[in-house]
Amino acid sequence: MNQDPSTTQTQNQNQGDQAWTNPNGLANEAEIEAETPIPPRSFGRRILDAGRDLMRTRIDKSGWRIRIVAGGFICLYLVIAGKLVYLAGKPDPQSLRRIASEASSGVRPEILDRNGEILATDVKTMSVFAEPRRLIDKDEAVELLTAVLPDVNAKELRDRLMSRKGFVWVKRGISAKEQQEVFRLGLPGVGFVPENKRVYPNGPIASHILGFTNVDNVGIAGIEKYIDSIGLSELNGAGFRMTADDLKPITLSLDLKVTHALRDEMVKGIERYKAKAGAAAIMDVNTGEVIALASLPDYDPNNPVDALDPNRINRMSVGVFEMGSTFKALTLAMALDANKVNLSTRIDARAALRYGRFTIHDFHAQNRALSVSEVFTYSSNIGTARIALMMGVEAHKAFLRKAGQLDRMRTELPESAEPLVPKNWGELNTMTIAFGHGLAVAPLQAMMAVSALSNGGYLVTPTFLKRDQAEAMKNAPRIIKPETSEALRYLMRLNAEIGSAKAIDIKGYYAGGKTGTANKVVNGRYSNDRVFTTFTAIAPSDKPKYLYLTVMDEPQATAETHGYRTAAWNAGAVTGKIIERTGPLLGLPPRFETPVQPFPLLAKLGVGLTTGSTTR
């Protein structure tokens, strides 16, 4: 029988209701709770229940827990980000001081002369910096700062202040007055930091030796650059903040008073002989110490704007020149030491020496055979070339290399020049190089060789640092015999008495010397109206202590020189003035009596000084 669907549904519902009825006939607990009124909960109770529900590991509560934890992390992130933004907008003063300190210049050791006189030192100065992010009106800041610091470029300063950097320099090394004026501006974001500034109390004296530093107190040239090369730059770069007391002074071989006197005489000589430039130096032949050096025109290292001018190079170590007849001393020393000739050997100088299409002449031709001594005193190009040919090309090259004339000479000065050596060295080159043409060297390099000819034969590398003879001789090879050295000293003294070096025959100093005049090479050809003159002198000749060298670039003939422009009339005359003025400063007491047997080795051979005259 079919039943009504509604009746069936009602029966099923009743059966279900009966299934949830307990045996005691009570209704379902859920129904009882629903029917029983719930008393209201307090706010604290609700919070406690919410926390209890949150901690329960029920699926229906997990979503709320995730939302709450995520919200907490977001709030924490926003707090940290806000703090970072705040700190970026307001830098820590301690951090700024550290940045300024690291950007400021480091300390350098003092540089002293051999007697303890200060040649270079640091002074404390103030510099202005800015924090672009703290400046309220940057255009106004530029206008105000350039008003009190007129040498600051307004456009460059504006570009720096418009950058996003936290620290920029406004001006380094300001005066006390400028500091007060900037301070009175009261600009936020503008401050001061102390720095070290290098000063040279003697101005241009020894400028080519000392060199200079840049605005960061880093050595750029000369001894200043040498100091950085031996470790100072590494210490500063590693962050070591040192004081002047932490650094030992650098003591140079230079004598400040002697250098001043030498430079003064060079200034007068260049003006007197209308030379383009000039240079001079004094060296201790036994230690290699450079006692004085000046190259003119020079510059003031306190404001080295002219240091890069090509005409202001250090002509003693950077310039290379053909040294003229001063090289004849090397040629004769080579032949004498090899026993190819002696002082009495006769050399044919009766006529000009021809080699292919080239002809070698003497400045004052004697048109006769000359002894080796006369070749030197008459400065015979012909005689010297013939002596070099006796040795041969390879022997000539070997001797010049042994004398340090074919390779770059290294000293403490970073600036040095390499000699200009012929690529294809043949007999003609040997003939011309023998009398100082065809090979260009630095004058200081030539001094090194002539010093060896004077001190007994030891090749001592020049130095600008103070040292004693024992230290100098540790690495000094002997290039000629003592007898040869004495013969060269004899020839130089003889030349001062009767030859072309009479200008340095200063009474009491027993000096000797050699002239050298070379035509300059202009556009690849020897010029007939431009010369480079040199003069080498030793004092005293019997027991040399000091070697002098003077060079003059393009001296002119004057009424005083009777129309001559050769070395005896200009470089020689200046050297004589230098010896006369510096002798007492160097501790060379004048001796007014001729030394007894000044050349004992030659005296045994019956060789002695003669009197007479010659022209050159």
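This is a predicted model: local features need pLDDT of at least 70, side-chain atom pairs count only at pLDDT 80 or more; totals for chains, interfaces and linings use all residues.
Student: Where does Phe-73 sit, and is it buried or exposed?
Tutor: Phe-73 belongs to helix α4, which covers residues 59-89, and Phe-73 counts as exposed because its relative accessible area is 59%, where exposed means over 50%.

Student: OK, now the inside: which residues touch the most other members in the largest nonpolar core?
Tutor: That core has 91 residues, and Ile-223 and Leu-252 are the ones that touch the most other members. Helix α17, residues 443-454, gives the most to this core, with eight residues.

Student: What is Ile-223 in contact with, leaving aside its neighbours within four places in sequence?
Tutor: With those neighbours left aside, Ile-223 is in contact with Ile-111, Ile-209, Leu-210, Gly-211, Leu-252, Glu-412, Leu-413 and Phe-464.

Student: Switching to strands, how many residues of β7 are buried?
Tutor: Strand β7, residues 290-296, is mostly covered, with seven of its seven residues buried.

Student: And how do β6 and β7 pair?
Tutor: Strand β6, residues 277-284, pairs with β7 in the antiparallel sense over six bridges, and in this pairing Ile-282 stands opposite Ala-292 of β7.

Student: What about the turn in that hairpin?
Tutor: Five residues lie between β6 and β7 in the hairpin they form, and Gly-288 in the turn has a positive phi of about 80°.

Technical notes:
Residues are numbered from 1 along each chain as its sequence is written. Side-chain values use heavy atoms; hydrogens and water are left out. Helices (H or I, at least four residues) and strands (E, at least two) are DSSP runs, numbered from the N terminus. Buried means under 20% relative accessible area, exposed over 50%, partly exposed in between (1.4 Å probe, protein chains only). A nonpolar core is a set of buried Ala, Val, Leu, Ile, Met, Phe, Trp, Tyr and Cys residues joined through side-chain atoms within 4.5 Å. Contact means heavy atoms within 4.5 Å. Two strands pair if DSSP finds at least two bridges between them.
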